[in-house]
Structures are given as structure tokens and as C-alpha cells.
Amino acid sequence: FILQLHSNSDKGDGSVKYILTGEGAGTIFIIDDTTGDIHSTKSLDREQKTHYVLHAQAIDRRTNKPLEPESEFIIKVQDINDNAPKFTDGPYIVTVPEMSEMGTSVLQVTATDADDPTYGNSARVVYSILQGQPYFSVDPKTGVIRTALHNMDREAREHYSVVIQAKDMAGQVGGLSGSTTVNITLTDVNDNPPRFPQKHYQLYVPESAQVGSAVGKIKANDADTGSNADMKYTIINGDGAGVFSISTDKETREGILSLKKPLNYEKKKSYTLNIEGANTHLDFRFSHLGPFKDVTMLKVIVGDVDEPPLFTMPSYVMEVYENAKIGTPVGTVTAHDPDAANSLVRYFIDHNTEEDRYFTIDASTGTIKTAKIFDREETPWYNITVAASEIDNPELVSHVPVGVRILDVNDNPPELARDYDVVVCENSKPGQVIQTITATDKDNSANGARFHFSLDEGLSLNPNFTLRNNEDNTASILTRRRRYSRTTQDIYYLPILISDGGVPPLSSSSTLTIRVCACERDGRVRTCHAEAFLSSAGLSTGALIAILLCIVILLAIVVLFITLRRGKKEPLIISEEDVRENVVTYDDEGGGEEDTEAFDITALRNPSAAEELKYRRDVRPEAKPLSRHHPSSSLDSIDVQEFLNQRLAEADLDPSVPPYDSLQTYAYEGHRSEAGSISSLDSATTQSDQDYNYLGDWGPEFKKLAELYGEIEPERTT
């Protein structure tokens with residue numbers, strides 16, 4: 001039961017009917033339409049819904065008419081403590097340096113409670129530690145975990161598992177709780193000095209030991225790890241400081257004792273060395289725990305023995321490139337007889353394993369050669385054993401291990417790590433990353449670990465997609481334009497060039513297939529199938545219109561060009577500055593000597609021979625020409641000054657002359673000579689027959705001229 005509705009019109013006779021509507025009406029809440037009692041049909045959860053808005057109304061049962069206006073009321077769900085606190089991020093893994101001060105903060109954990117924090121203590125959480133005491137503590141309010149002890153030593157205990165509990169109701173009885181685990185690891189600091197296990201050591205070294213060879217090892221123990229345990233060994237004094245040297249193996253942190261000078265048993269049978277081992281990385285916070293070094297004494301005893309051939313090194317590491325030809329030298333091992341006889345040495349390989357059959361050795365020189373072609377990607381390392389024996393005493397045999405490292409050759413191009421299914425949404429934006437790709441290379445890191453991605457430079461710029469090399473052996477495929485259409489093109493092919501960092505670098509080309517898909521707004525792919533298209537040729541209507549428009553523009557340009565070529569005229573004057581002569585060029589062929597109408601120059605040379613007013617040939621004359629013949633008396637009376645003035649007036653008043661200045665030159669050769677004119681121009685205009693016999697009377701100077709015209713005269717007569 002939740003509540004009862006009652007109307008003042010209700011007399012208890014059942015004539016009033018109560019109706020309930022709103023959130024949960026009829027499903028979560030039901031009403032007795034006679035009494036108005038409202039009940040809930042199921043349990044309510046405040047964390048799902050905090051309140052319900054309902055409407056109630058009383059109506060007449062017989063007429064179904066409302067007796068009162070509709071009323072609204074709200075049912076609020078009151079919270080109870082039915083949700084336990086939860087650690088959403090657990091379990092936790094955290095580290096803290098060893099030897100930290102008490103109270104050093106390690107981690108803060110937070111638990112959440114779904115109950116109402118404003119009502120009661122249902123969501124008030126208190127933290128406590130269930131496991132991990134007395135090493136750690138937790139703040140009950142903030143959940144901050146701190147160290148609870150001084151100087152926690154990693155060498156004593158490194159890992160701790162702490163269980164933290166969060167309880168609501170402020171930790172009171174009846175509250176709900178949740179827990180999480182915090183795994184805490186103490187990290188190392190340099191708080192332990194190195195120590196030699198013994199204060200005195202003894203080492204036997206045969207006098208046949210080779211200079212530069214390692215004759216012994218010594219090690220100081222350090223409980224720290226990593227760089228805090230790095231060591232350096234030195235010989236600080238002793239009578240053997242000039243004969244022996246010591247170096248540090250960084251991997252094993254051992255002191256390698258080597259021979260600097262040859263040993264001679266007959267001269268000195270033993271040496272004493274004081275060796276110091278010291279840390280190289282010191283932490284001055286813990287200097288009071290030092291000194292961080294230790295000293296031991298090493299006694300070296302020189303032995304006099306009859307030894308087999310002695311190799312110059314205790315072990316050999318050789319290298320050869322893969323794909324090397326059979327018979328390629330790998331390296332040389334050297335051994336000699338340390339005895340006074342100094343017998344010759346013979347070398348051979350112990351074929352105890354299959355790997356020994358990959359190499360051969362020269363019995364005299366000790367040169368190791370390849371017997372097969374190697375592939376580093378299959379086997380990167382081979383271990384063989386080389387033996388040496390004296391020719392005079394084959395029973396004295398010495399062995400030396402030889403490790404052959406197969407060096408990598410950049411013989412494998414990089415390739416895509418997998419087949420990528422790249423999808424681009426139709427509503428993609430420019431610069432959007434649609435796929436990140438990576439590559440693999442069978443070669444080692446020196447020849448292929450660093451990849452460079454690029455588009456094929458031999459192709460034109462891709463207008464749809466681009467590639468960004470991320471400089472971390474990956475590349476991102478990005479869009480270059482806005483929106484893609486499946487109907488126009490549903491698949492794109494993007495050639496990608498991948499190169500490695502080897503020497504020489506190798507590259508390979510791969511093609512990514514990019515599908516155009518329809519996507520939701522959140523990027524989820526809806527469908528990738530292309531829909532029917534209007535044109536079977538695969539071109540949109542807009543593309544067809546653009547192509548036709550380009551064709552029309554090209555045709556218009558061609559027509560305009562032809563029109564301009566036809567309408568173009570050459571200027572009458574080539575240069576305005578060059579006024580010496582006017583050359584008028586026409587493209588029509590002249591009529592030759594018989595064409596006497598093309599241009600009559602006699603009027604320019606002899607004003608008296610002018611027959612008419614000459615009109616310009618480059619423009620249409622507005623008036624008809626005058627008669628071509630004048631009385632001879634008028635020609636004889638023409639004055640040169642009047643002729644020039646007449647021509648000047650014509651040039652000034654002629655409306656059809658070009659709109660620029662022109663220079664017209666007239667030359668007057670004189671008024672007629674006594675002998676008359678012999679010009680062919682004059683003869684062409686007069687049309688009169690002449691007798692040239694008088695030319696023979698002019699003297700020898702005109703003899704040739706008289707002969708020429710004497711020959712012409714009979715021809716004309718004939």
C-alpha cells in the first residue's frame with residue numbers, strides 16, 4: 001500500500017470511480033477504482049528511477065464525467081542501503097622504492113557506492129586494511145595507502161599483497177562492503193655494498209698461457225639488482241700488477257683476469273694480486289651503509305706442464321654474412337706447441353653434431369670456411385668445436401669452442417603485417433584517419449626494424465587519400481576530400497611503398513583496397529553494397545554536363561581564333577620611326593612588264609607626263625576617275641611647284657587616307673633634254689614609234705646602245 005485517493009464527492013456508495021494515469025500506472029502502480037487505494041505491484045529500485053509522476057481523477061461511474069479536475073502527484077522512491085561499495089579499477093599493481101620513509105604514499109584507491117549520498121549513510125564509505133599489516137596502512141577517509149614501517153628491505157621481501165576493504169554506513173554494523181587487492185612491489189636501491197665471498201683466492205696459470213688470454217675469473221656478490229649491482233674491478237697493488245690485468249664482464253658482473261706479459265716458470269713461480277670490486281652507481285642517501293667496495297687477495301701460481309697445442313684464445317666468436325658463397329673464409333683459429341720442441345700443429349673439426357658439417361677447416365692454417373650457404377632467418381648461430389694436435393704427438397689434443405654468428409643481409413623486403421580491410425565512410429571529412437597500418441620484416445632490427453611508408457612517387461597525386469608516416473613503424477591512411485559516393489566509385493586502390501632501414505634498403509609495393517560504405521553518424525558501418533546508378537557508363541549527370549560544357553568552350557575558342565586570323569591586316573607602315581621608304585606589301589601577284597596599270601611611276605618622275613589624278617589603290621575611290629588623255633599643250637604647261645601643292649592638298653583633304661603620317665617622295669628629273677627621253681617608262685606611255693638610227697651618230701660611247709635598239713627595230717617592224 002502506498003496511499004489512498006479520496007474525493008469530497010465520494011459518499012461511499014460506489015458512484016465515484018478513481019482513475020490513475022502517468023508513469024508506471026497500470027504496470028507498477030494499480031488503483032482500486034472504488035476505494036482509491038494505490039498499491040505497487042513490484043519492488044522499486046531507486047538506482048534505476050528516483051521518482052514517478054502520476055495523475056489521478058475522480059469521475060462519475062454512471063456518466064463518466066469528471067467530478068473534480070485532474071490532480072498530479074509525485075511518488076519519490078526512498079533509498080535504502082542495497083548497494084555495496086565497488087572498486088572499479090582493481091586489482092591494482094604498484095611499486096614503491098625500498099628503504100622508503102614511513103608514511104610514504106603508495107597509492108590512492110577509490111570505491112563508489114550507487115546508493116543516495118544525500119540520504120543517510122548508505123553511500124558514506126570508510127576504508128580499512130584487511131591484509132598487509134603491519135607493512136602498510138590506509139587512510140579510512142581518503143583511501144590513501146602508505147608505508148607503515150621504516151626501511152623496508154627488498155632483499156628481505158620484495159612482493160606484498162594488500163587487501164583493502166571499503167564499507168558503507170560509515171563503517172557501522174550492518175553496512176555493506178567490497179574489497180580489492182593491491183599488489184605492491186619494492187623496487188631496488190643501492191643499499192648493499194659488494195662483498196667477496198673469500199678474502200683469499202688461489203689461481204693456477206700454466207706458463208704456456210697466451211698474452212691477452214683470460215686466465216681466471218673472480219666475482220664479488222651484490223644483493224642489489226640492475227644498475228645498482230654494476231661492478232668495476234681493479235688491481236690496486238701487488239707484484240703481479242704489471243703482469244696481469246682485470247676487466248669487468250657487464251653481463252655476469254665478473255672480473256676477468258687476463259695476461260699482459262708472458263709467464264716463465266723458471267723465473268717466477270707465483271704472483272700476488274690485491275683486487276678491489278666497487279659499485280659504479282652510488283646513492284649518497286645510503287652512504288652510511290658503506291663503503292660500497294671490497295678488497296680480496298689473489299695468489300697466482302705458475303705451472304710447468306707439458307701441454308698440448310695452445311690456442312691463442314679460450315674461445316672464438318666469428319661472423320659470416322648469410323648468403324655467402326661456399327668456401328668463404330669465416331675466421332682463423334691459431335694454436336702452437338708451448339714446449340721447447342715447438343712441433344707443428346694440425347687442425348680439424350670434431351664432427352659430433354650436424355652443425356659441424358656446415359664448415360671446413362684448413363689443417364695447416366686453421367682457417368675456417370663455409371661448406372654450405374646459410375640463411376640467418378632459419379639459423380642465426382652455429383657452435384662448432386675445433387681441435388688442434390701436434391704432428392709429432394697426435395695424442396696431445398686441445399679443443400676450443402667456436403661460435404659462428406650469421407650476420408644478417410637485408411634480403412627480405414618489408415611487407416604489410418596483414419591483409420587490411422579498409423573502409424571509408426561516405427560522410428568522411430578531409431584529414432580523417434580511416435586505417436593505421438604496420439609492416440613486418442624477416443630481417444633483424446638492424447636491417448628492417450624501422451619502416452618508412454610512402455605513396456608511389458611514380459604515380460600522380462592521389463586526390464582521394466593520402467598517407468602519413470608516423471615514424472614509429474606505422475602509417476595512417478587519411479582522407480583528402482569531403483564525402484565519397486558509392487554510386488560513383490565503391491572501391492579505391494591505394495598503392496603503398498614500404499621500405500626498410502637496411503643497407504642497401506629494400507622496398508616492396510602493396511595495394512590497399514578501400515571500400516566506400518554508408519555509415520551511421522557514430523561511424524558504424526551500415527552497408528557497403530553499391531546501389532543502382534542512372535548511367536551505365538558510370539558518370540553522373542553533373543559530370544556529363546561538365547564534359548559537354550568544356551567541348552563547347554573549346555569549339556568557341558577555335559572559331560574565334562580562325563575569325564581573328566582572317567580579319568587580321570598587315571600595317572601599311574612597318575615602323576613609325578623608319579620614314580625613309582614605305583613598303584606596301586600585297587599578297588597578289590603582279591602582271592609583269594605588260595601590266596602598265598598596276599602603278600604608273602612616270603607621274604612621279606616627270607610631272608609633265610602626268611595624265612590624270614591618281615587614286616589610292618588600297619581604298620575604294622568615292623568619285624569616278626577623269627579622262628586619261630589631256631591635250632599635250634596642258635601637260636607642257638604644268639609647273640612642278642603647282643604639282644607638289646596639288647599632291648599636298650590631296651593628301652591633306654583625302655578622308656580615306658590612313659590615320660597616321662606617311663611620307664610621299666617625288667623626284668623631278670628635269671624638263672626634257674634635247675635628245676629626248678630614252679626612258680622605257682616614257683615609251684610605255686606615249687605608244688609612238690621612234691627611229692633609233694640617230695644613236696649611231698652619238699659616238700663610240702653609245703655604240704652598244706645603238707646596236708641594241710637597231711636589233712629591236714627590225715623585230716618591231718616584222
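**Reading the labels**

Analyst: In strand 28, S389 is the bridge partner of R346. This is a predicted model, where local features need pLDDT of at least 70, side-chain atom pairs count only at pLDDT 80 or more, and totals for chains, interfaces and linings use all residues. Residues are numbered from 1 along each chain as its sequence is written, and side-chain values use heavy atoms, with hydrogens and water left out.

User: How do you know that strand 25 and strand 28 pair?

Analyst: Two strands pair if DSSP finds at least two bridges between them. Strand 25 (residues 345-349) and strand 28 (residues 381-390) have five bridges, in the antiparallel sense. Strands here are DSSP runs (E, at least two residues), and helices are runs of H or I with at least four residues, numbered from the N terminus.

User: Which side chains of strand 25 point to one face, and which to the other?

Analyst: V345, Y347 and I349 point to one face and are buried.

User: Why is R486 called buried, but R285 exposed?

Analyst: Buried means under 20% relative accessible area, exposed over 50%, and partly exposed in between (1.4 Å probe, protein chains only). R486 has 7% relative accessibility, so R486 counts as buried. R285 has 58%, so R285 counts as exposed.

User: What makes R154 and D188 a salt bridge?

Analyst: The term needs a side-chain nitrogen of Lys or Arg within 4 Å of a carboxyl oxygen of Asp or Glu. For R154 and D188, the closest N and O atoms are 3.1 Å apart. R154 lies in the loop between strand 11 and strand 12, and D188 in the loop between strand 13 and strand 14, so the pair ties together parts 34 residues apart in sequence. Both residues are buried.

User: How many salt bridges does a search of the whole structure find?

Analyst: The search finds 18. One of them joins R285 and D283, with the closest N and O atoms 2.8 Å apart.

User: Where does UniProt list a "transmembrane region"?

Analyst: The unreviewed UniProt entry lists residues 543-564. Such annotations may be inferred rather than shown by experiment. Over residues 543-564 the chain is 100% helix and 0% strand.
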